[in-house]
Amino acid sequence: MNIAATKPESASLAISVEQRRSQHANPPKATAESLDFWYGQNQALKNINLAIPENQVTALIGPSGCGKSTFLRCFNRMHDLQPDTRYGGAIHLRPDNINLVGSDVDPIEVRMRIGMVFQKPNPFPKTVFENVAYGLRLRGVKNRTDLAERVEKALRGAAIWDEVKDRLNDSALALSGGQMQRVCIARALATDPEILLFDEPTSALDPIATAKIEELITELRTRVTVLIVTHNMQQAARVSDFTAFMYLGELVEVDVTSKIFTNPARKATEDYITGRYG
Amino acid sequence: MAATADITLAQIRKGLYWRKQLDKVFVIVGLLVLFSCLGLLATLFIDLVHKGSSRFGWDFFMNFPSRKAERAGILSAWVGTSLIMFVTALVALPVGVAAAIYLEEYATKNWFTNIVEINVTNLAGVPSIVYGLLALGLFVYTLGFGQSVLSAGLTLALLILPIVIVATRESLRAVPKAIREAAYGLGATRWEVTKDHVLPYSTGGILTGLILGLSRAIGETAPIITIGALSFIAFLPPSPVSGDFPFLNFEWLKSEFTAMPIQMFNWVSRPDQAFQANSAAAGAILLGMTLLMNAVAIWIRYRFRKKINW
């Protein structure tokens, strides 16, 4: 994978993106409908409407403080851990059409269905095996063979099995940053999440580890719906099928990734991707 | 390096020389203060060992107190102290840790928790004799525990509770937010996050806090005199382990007791000079016990630091 900095508007990138990505959106796995979000009195998200197509990668880009991480964290109700936060509107999850941000919906149930990978690799200071098994243990899986089988499957799914298969009982903290992040991805994958959220998953990693994670996200696309926040526009161009540009808590534009980066409809999007602000 | 228009390089060098001298002065002052503190402790310890040197030996540990100084020992005192410390640890650990978990992980910030927090810190400053008076009324009389090992252990547990709570809260707080988020993100409840992650990762700090609390409690004299420690005891509490079913017995909790500082106080207040050596020897042993506990605390902290490195 080419990890050299590529100008987002360069023609070669646009072509490679178009070759690799489908331009057709699958039916939505989740749909944000007039979603609002408040930290206390401060409205961080304003009337967001966005469909997240199933088994495709949707990237959220925008300048710092535009609300992209805040939006991502609505999907697994992470905000409920902070006092004085409030949701408005809805995020409907198919197929059962449950409203993820509904006050009658248990945030813990939501988090058991929607996985998340964080900005900094945050493995538990336990063994690699116990890290990946934790979600399964929470679900009451106790059988050693079942656990071992599903841990292996998750680690293979996160493209790290070969590197850690002999170190399953070593502390996950002994791994490199990129390996830790892939263990964290395996930990999220182990419980077969319906959507996998990535919150700037490579911002703490070196370019080679970043390339591996990006490759992995591209592969995951066939199995799971991915929503990724990224600071890095090249990354959005490389891994995503669709890109949504957010600014000041609002969704400005969403389209096929290649179109956003070559021919955005809105002036604000163009200014951002050409580096005029951000 | 380019000197600005009005300050020449020579001036900068001269200024730097004096600034670095000042740095050295601070190091010297710091070392002086440090060594005078350590020297004081060492002098004290050596003095006790020297004065009590004639008394160290197996007999001193295994003999009960006696009217004859050369036959008197600290058996009932160190057994009493050990049993009291055991009760203290057993009570202070769960209560202190539970209180800290509630305050740190569960409580929402409001006027009530603010008052609780301020008072926990204040409790650490309450004179120990006041705890003794409280315990005399509450444990000895109202609850009817009497002048027993149980009363003494509970009293000292109250005394070190603030230390345990503050130390526990600090080590809970040291667990990074990212780790909690990872566990919550997988669908853990608050209790699962606490039990599976926050508590295990902060065990080192919690145990360190407990041991530091115990090493304060081990030397406390005033509160256990208040609740009625005896200074002359020529028997041991019933053994906690027995040969017959159910193999454990709790009679020792109700036993009368003495403790190391009480024994020392008793000997030192006698006119007979020979007892002064006993007192010094017991003092050296008590100090040794305290230093040993602190060493264990340092070792535990080191072990856990090595295992968990954020």
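Six residues of domain 1 of chain B are in contact with eight residues of domain 2 of chain B, contact meaning heavy atoms within 4.5 Å. The domain assignment places domain 1 at 2-53 and domain 2 at 56-307 of chain B; such bounds come from an automatic or database domain assignment. Between the C-alpha centres of these two domains of chain B the distance is 38 Å. The model is predicted, so that local features need pLDDT of at least 70 and side-chain atom pairs count only at pLDDT 80 or more, whereas totals for chains, interfaces and linings use all residues. Residues are numbered from 1 along each chain as its sequence is written, chains are lettered from A and ligands numbered from 1 in the order in which they are written, and side-chain values use heavy atoms, with hydrogens and water left out.

Helix H1 of chain B (residues 9-52) contains B:Val29; helices (H or I, at least four residues) and strands (E, at least two) are DSSP runs, numbered from the N terminus. B:Val29 has a relative accessible area of 43% and is therefore partly exposed, the class between buried (under 20%) and exposed (over 50%), with a 1.4 Å probe and protein chains only. Together with B:Val25, B:Ile28, B:Leu32 and B:Val33, B:Val29 forms a nonpolar surface patch of about 450 Å² accessible area. Patches are made of residues with over 30% relative accessible area and no salt bridge, like charges being joined within 9 Å and nonpolar side chains (Val, Leu, Ile, Met, Phe, Trp, Tyr) within 5 Å. A salt bridge is a side-chain nitrogen of Lys or Arg within 4 Å of a carboxyl oxygen of Asp or Glu, and accessible areas come from the Shrake-Rupley method with a 1.4 Å probe, only the protein chains shown counting as cover for residues.

In chain A, four strands make an open sheet in the order S2-S1-S4-S5, with antiparallel pairing. Strands S2 (42-53) and S5 (98-99) of chain A stand at the edges with a single partner strand each, so one side of each has no neighbour in the sheet. Two strands pair if DSSP finds at least two bridges between them; S1 (residues 28-39) and S4 (residues 85-93) of chain A are joined by eight, and A:Tyr39 has A:Thr85 as its bridge partner in S4(A).

Strand S8 of chain A (residues 225-229) has five of its five residues buried. A:Thr225, A:Leu227 and A:Val229 point one way, A:Val226 and A:Ile228 the other. S8(A) runs parallel to S3 (residues 57-61) of chain A, over four bridges, and pairs in the parallel sense with S7(A) over five bridges.
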